[in-house]
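Subject: Handover of a structure

Dear colleague,

I am passing this structure on to you. Please look through it first, then read the notes below.

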Amino acid sequence: STCRTVNFARRASCFKCSVSRPPDAVLVEDKAPDGSDILMIRGISMHSTEASITAALQPYVSQPLKMVKVIRDPVTQQSRGIGLVEAEGVKESAALVKASQGLFIDGCEVFVSFARPKDVS
């Protein structure tokens, strides 16, 4: 039996129960097929800044990025390893996701995917 946790985006096995990822597992990135103009960047360095992320991503887009934000710890102000980027539109975002596979920013391999919208209740 499995714990039913969906956590196979970058794992070969479940972090809770150690069950192996099934071949037909739906990856987290595949849950937003329509896309969004806001992207999430995971795996950024503690030393990455908005300027270094912009410089690394700008060659992959035809228009300037609307917004780049590094998510930081409120107490220490260190990066939490996650950033948000807003492109000019969904097509621009999709091109950026495709072009950024295997991209390194400040010495760290980053993973770019569509950001999921917050649930509004």
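The notes below go from the overall layout to single residues.

This is a predicted model, in which local features need a pLDDT of at least 70 and side-chain atom pairs count only at pLDDT 80 or more, while totals for chains, interfaces and linings use all residues. Residues are numbered from 1 along each chain as its sequence is written, and side-chain values use heavy atoms, with hydrogens and water left out.

Confidence

The average pLDDT of the protein (the predictor's confidence in each residue, from 0 to 100) is 81, and 79% of the residues score at least 70. The stretch of residues 29–33 has a pLDDT below 50, and in the model it makes 6 contacts beyond near neighbours in sequence. Where pLDDT is low, the predicted coordinates should not be read in detail.

Overall layout

The protein has 2 helices and 6 strands; these are DSSP runs numbered from the N terminus, with helices being H or I over at least four residues and strands being E over at least two. Starting at the N terminus, the order of elements is β-α-β-β-α-β-β-β. Of the 121 residues, 31% count as buried, where buried means under 20% relative accessible area, exposed over 50% and partly exposed in between, with a 1.4 Å probe and protein chains only. Among contacts (heavy atoms within 4.5 Å) with a separation of 6 or more, 52% are between residues 24 or more positions apart.

Strand pairing

Two strands are said to pair if DSSP finds at least two bridges between them. Strand β1 (residues 38–42) pairs with strand β3 (residues 79–86) in the antiparallel sense, over 5 bridges. β1 also pairs in the antiparallel sense with strand β6 (residues 111–114), here over 4 bridges. I41 shows both pairings: its bridge partner in β3 is G83, and in β6 it stands opposite V112.

The two helices

Which residues of α1 are buried? They are S52, I53, A56 and L57. These residues lie on the same side of α1, because they cover an arc of only 125° around the axis; the arc is that of the directions from the helix axis to the C-beta atoms. The exposed residues A51 and A55 are on the face of α1 turned away from its buried side. The packing partners of the buried residues of α1 are β1, β2 (67–72), β3, α2 (90–99) and β4.

In α2, the buried residues are E92, S93, L96 and V97. Their arc around the axis is only 135°, so they sit on the same side of α2. K91 and K98 are exposed on the face of α2 that is turned away from its buried side. The buried residues of α2 pack against β1, α1 and β6.

The core

A nonpolar core is a set of buried Ala, Val, Leu, Ile, Met, Phe, Trp, Tyr and Cys residues joined through side-chain atoms within 4.5 Å. The largest one here has 19 residues, of which I41, I53, L57, L65, V85 and I105 touch the most other members. At least two residues of this core come from each of β1, α1, β2, α2 and β6. The largest contribution is that of α1, with 3 residues. In soluble globular proteins, nonpolar side chains tend to be buried together.

L65, one of those core residues, is in contact with T54, L57, Q58, V85, E86, A87 and L96, leaving aside neighbours within four places in sequence.

I105 and S52

I105 is in strand β4 (residues 104–105) and counts as buried because its relative accessibility is 1%. Beyond neighbours within four places in sequence, I105 contacts S48, S52, I53, A56, L57 and V110. S52 belongs to helix α1 (residues 50–57), and its relative accessibility of 18% is why it counts as buried. I105 and S52 are 53 residues apart along the chain, and their C-alpha atoms are separated by 7.4 Å.

S79

S79 is in strand β3 and is buried, with a relative accessible area of 10%. A polar atom of the S79 side chain lies 2.9 Å from the backbone nitrogen of G81. Leaving aside neighbours within four places in sequence, S79 is in contact with I44, S45, M46, V70, I71 and R72.

Regards

Technical notes:
Polar contact = N/O pair within 3.5 Å; in protein donor to acceptor, adjacent residues only side chain to side chain.
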